[in-house]
Amino acid sequence: MTAEQEAKPQAKPQAAEELSSDDSDFLAALGRRVRELRERRGMTRKRMALEADVSERYLGQLEAGEGNVSMLLLRRVAAALNVTLGEVLLTAQEDSVERRLVRRFLERIPAHRREDVIFRLMREFGHEEALRRKRIALIGLRGAGKSTLGNLLAKELRAPFVELDGEVERETGLPLNEIFSLYGQAGYRRIERRCLERLLQQHDRVVLSVGGGIVAEEEGFKLLLGNCFTVWLKAAPEEHMARVVAQGDLRPMAGNEEAMEDLKRILAAREPLYRGVISATGEHCDRAQ
């Protein structure tokens with residue numbers, strides 16, 4: 001850098017009050033996306049701040065659309081390169097010619113058709129349909145009736161019944177609450193996916209009970225849909241809550257005085273993903289009392 005360049009005053013970041021409406025809209029959309037992803041995973045802001053090693057105040061500002069101005073600068077770099085912000089953030093290992101081609105193909109499809117196209121591709125190029133239908137996965141939030149219906153279905157089909165949460169506990173030798181405490185949400189999902197891969201290798205015929213949170217983990221959810229005939233068990237929030245309490249399991253509500261509101265938000269955030277099960281398999285089930 002020359003002496004003249006060093007002497008030249010550096011441009012200051014745009015103050016929040018000087019943001020263009022486009023920049024403000026971007027930060028607001030980014031905040032909504034972060035909040036949506038957090039709620040899909042059933043995480044409180046406190047829990048997410050702990051796992052991400054950031055302050056709750058920062059997360060609050062981010063979700064309120066008051067993210068750091070550096071995000072805007074990175075967005076402008078992406079625009080100058082004529083690529084998406086996601087492409088800038090991808091590492092070399094995550095990107096490839098094939099991935100870029102797929103992204104560009106999907107970008108040309110109207111937004112309202114995109115989800116349907118993705119699930120059709122997964123079904124078409126997943127495992128052979130006849131084999132997939134021999135593995136039945138029941139998916140839904142805790143209290144949807146997966147264990148009760150799964151046991152009955154497995155007996156009817158004379159197939160083994162396996163609860164994925166139980167396999168995770170057996171592999172680690174720890175109860176679920178300790179797994180989450182030690183490894184966090186992301187660590188649990190990695191173990192869950194590993195257990196699912198093993199179960200798929202071991203069983204050509206099986207009835208699986210799968211925790212509803214798997215829909216928030218893209219690779220694990222794709223693995224499930226591609227290899228299992230997946231059925232979404234749906235119940236009203238009040239039914240979920242009543243069954244969980246009856247089971248004496250308060251993990252999703254621990255330390256939370258607004259448990260029902262949290263549960264409703266989780267269901268609302270995940271419902272579009274659960275509806276992806278219908279797109280992929282055509283099946284869902286409203287679980288009655």
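**Close-up views of a predicted model**

The count of aromatic pairs comes to one. The model shown in these views is predicted.

**View 1. The stacked rings of phenylalanine 180 and tyrosine 188.** The ring centres of phenylalanine 180 and tyrosine 188 lie 4.6 Å apart. Their planes meet at 25 degrees, and because planes under 30 degrees apart count as stacked, the pair is assigned to that class. Phenylalanine 180 is partly exposed, at a relative accessible area of 22%, whereas tyrosine 188 is buried, at 2%.

**View 2. The packing of helix H11 against helix H12.** Two packed helices are described by the angle between their axes and the distance between the axes. For H11, residues 164-172, and H12, residues 176-202, the angle is about 110 degrees and the axes are 9 Å apart. H11 is therefore roughly perpendicular to H12, since angles of 65 to 115 degrees fall in that class. On the H11 side the contact is made by Leu164, Asp165, Glu167, Val168, Glu169, Glu171 and Thr172. The H12 residues they meet include Leu176, Ile179, Tyr188, Ile191 and Glu192, and also Arg194, Cys195, Leu196, Arg198 and Leu199. By residue class, the contact of H11 with H12 holds nine nonpolar, one polar and seven charged residues. Tyr188, a member of the stacked pair, is among the H12 residues in this contact.

**View 3. The surroundings of glutamate 167.** Glutamate 167 sits in helix H11. Its relative accessible area is 11%, so glutamate 167 counts as buried, the limit being under 20%. With neighbours within four places in sequence left aside, glutamate 167 is in contact with Val162, Cys195, Arg198 and Leu199. Cys195, Arg198 and Leu199 are also among the H12 residues that meet H11.

View 4. A disulfide is a covalent bond between the sulfur atoms of two cysteines. The structure holds zero disulfides. Cysteine 195 is buried, with a relative accessible area of 0%. Cysteine 228 is buried as well, and its relative accessible area is 0%. Cysteine 195 is one of the residues in contact with glutamate 167.

**View 5. Isoleucine 139 and leucine 233.** Isoleucine 139 belongs to strand S1, which covers residues 135-140. Isoleucine 139 is buried, with a relative accessible area of 0%. In sequence, isoleucine 139 and leucine 233 are 94 residues apart. In space, the C-alpha to C-alpha distance between isoleucine 139 and leucine 233 is 6.0 Å.

Notes
Residues numbered from 1 in each chain as written. Predicted model: local features only at pLDDT ≥ 70, side-chain atom pairs only at ≥ 80, totals over all residues. Heavy atoms only, no water. Disulfide = S-S within 2.5 Å. Buried < 20%, exposed > 50% of the residue type's maximum accessible area, 1.4 Å probe, protein only. Phe/Tyr/Trp six-rings, centres within 6.5 Å; stacked < 30°, edge-to-face > 60°. Axes fitted to C-alpha atoms, helices over the stretch in contact; angles between N-to-C directions. Helix = DSSP H or I, 4+ residues; strand = E, 2+ residues; numbered from the N terminus. Parallel < 35°, antiparallel > 145°, perpendicular 65-115°, else oblique. Contact = heavy atoms within 4.5 Å. Nonpolar A, V, L, I, M, F, W, Y, C, P; charged D, E, K, R; others polar.
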